[in-house]
Amino acid sequence: MVRDERVAAALVAQGGHLLALCFDPEPPVIHAVLTNPRSTAEHARLIAVHHRTQAGLDLIGRRNELVTDVHVQRRLLANPQLPDNILRKVIGPKLLTDVYKISINREIPERSRVMTRELLQKKFMLASPDERAALLIRTEGRCLVALLNCALDARTIQMLTSKTSYTVLFIQNLARWSATPPALLTHLLKQPIVRQNVGLRKQLLKHRNVPTEVKRNLS
């Protein structure tokens with residue numbers, strides 16, 4: 001069938017015929033499939049995983065009920081042709097922790113992961129202190145690698161310094177992060193786990209943000 005015939009068929013097809021047309025490489029056919037009143041999220045899921053043109057994938061993004069489907073989202077994110085605007089639409093409403101998980105998911109193409117990390121930085125700077133602190137704690141600071149251009153606000157610092165127990169990994173990641181604030185570094189250096197671990201203490205003391213007086217007293 002030539003393209004125009006496939007488009008006409010997609011507008012009225014049903015059952016297996018409509019499912020088969022979801023594999024069509026031409027955006028006009030995909031548009032016809034999604035226009036078909038019998039099409040559902042199941043058809044959008046097939047298109048999301050198999051279609052390879054940005055124009056065709058963009059058609060899914062125009063339908064909120066489709067782009068918010070969890071299975072459609074997962075398949076779109078794994079598609080190497082996912083348009084930037086659709087990626088932003090998928091990422092936008094998600095929590096910081098979920099965005100971070102997407103940014104490190106090896107099943108997602110590198111291009112999309114890079115853009116997700118950029119979106120993570122923007123969301124982090126706009127997030128509430130509770131969200132910021134929760135992300136750092138849940139990931140044990142692993143997320144800091146993707147937050148090189150970010151900083152912590154006073155409330156987030158206060159929440160982190162109110163903790164009385166830290167894992168070694170969390171402290172190591174904060175020691176490596178160039179933006180770790182002086183107040184947090186000073187607090188960490190007072191913790192028993194750091195006092196008992198010479199290597200960990202030295203790692204923290206090497207940080208450029210450790211106050212000079214603190215360095216003098218502990219070196």
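Student: Which residues of helix α16 are buried?

Tutor: An α-helix has 3.6 residues a turn, so residues three or four places apart point the same way. In this predicted model, Leu200, Leu204 and Leu205 are the buried residues of α16 (residues 198-205). Buried means under 20% relative accessible area with a 1.4 Å probe, protein chains only. Those residues cover an arc of only 135° around the axis, which puts them on the same side of α16. The arc is taken from the directions from the helix axis to the C-beta atoms. Helices are DSSP runs (H or I, at least four residues), numbered from the N terminus.

Student: What covers the buried residues of α16?

Tutor: The cover includes α13 (168-176), α14 (182-189), α15 (192-195) and α17 (212-218). Contact means heavy atoms within 4.5 Å.

Student: How do α11 and α12 pack?

Tutor: Two packed helices are described by the angle between their axes and the distance between the axes. Here α11 (residues 129-138) and α12 (residues 154-161) pack at about 45°, with axes 9 Å apart. They are therefore oblique to each other.

Student: How should I read the numbering and the model's limits?

Tutor: Residues are numbered from 1 along each chain as its sequence is written. Local features need pLDDT of at least 70, side-chain atom pairs count only at pLDDT 80 or more, totals for chains, interfaces and linings use all residues, and side-chain values use heavy atoms, leaving out hydrogens and water.

How values were computed
Axes are lines fitted to C-alpha atoms, for helices over the stretch in contact, and angles run from 0 to 180 degrees between N-to-C directions. Helices (H or I, at least four residues) and strands (E, at least two) are DSSP runs, numbered from the N terminus. Angles under 35 degrees count as roughly parallel, over 145 as roughly antiparallel, 65 to 115 as roughly perpendicular and the rest as oblique. Buried means under 20% relative accessible area, exposed over 50%, partly exposed in between (1.4 Å probe, protein chains only).
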